[in-house]
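Hi everyone, thanks for making time.

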Amino acid sequence: MTAQSRALNAAPTTWTTGQVAALLGAELVGRDDLQLERLDSLAHADDRTLAFIRDGKHAATWANSAAAAAVVSRGVEPADHDPTKRALLVVDDADQALIALLEKIAPAHVGPPPGAHPSAAIDPT
């Protein structure tokens, strides 16, 4: 997994392509039962990865990617899509869909409590 990838780690810990399509209001082209565990680029994907395709440049790499599914901007045509094996989740804007997905599934960030910890110390030097 690359540093840019992010686990789909909110409950449930795995998602199906059908669940993600419903969450995004996406048109599903392909299988609705594929298990997704993480987000990553097409180049670093495996058979449990959801990727994002925003333009023709990235669409051209779909055929060589191992990604199970991709969120794709409407009007972009990924190369050699086989809907019996993988899934495309078609949305108006893949970038906006990524933001929406992360907002819905990412756990809330819990920072440290305000103030200084009782054991905090400043070195006199």
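Leaving out residues up to four places away in sequence, alanine 94 touches Phe52, Ile53, Arg54, Val71, Val72 and Ser73, where a contact means heavy atoms within 4.5 Å. Just so you know, this is a predicted model, with local features needing pLDDT of at least 70, side-chain atom pairs counting only at pLDDT 80 or more, and totals for chains, interfaces and linings using all residues. Residues are numbered from 1 along each chain as its sequence is written, and side-chain values use heavy atoms, with hydrogens and water left out.

So, is alanine 94 buried or exposed? Alanine 94 counts as buried because its relative accessibility is 1%; the cut-off for buried is under 20% relative accessible area, with a 1.4 Å probe and protein chains only. Its C-alpha atom is 9.0 Å from that of aspartate 55, which is 39 residues away along the chain.

Alanine 94 is found in helix H3; helices here are DSSP runs of H or I, at least four residues, numbered from the N terminus. H3 (residues 94-105) packs with H1 (residues 17-24) at an angle of about 105 degrees, and their axes are 10 Å apart. Axes are lines fitted to C-alpha atoms over the stretch in contact, and angles run from 0 to 180 degrees between N-to-C directions. On the H1 side, Val20, Leu23 and Leu24 make the contact, and on the H3 side it's Ala97, Ala100, Leu101, Lys104 and Ile105.

Conventions
Helix = DSSP H or I, 4+ residues; strand = E, 2+ residues; numbered from the N terminus. Buried < 20%, exposed > 50% of the residue type's maximum accessible area, 1.4 Å probe, protein only.
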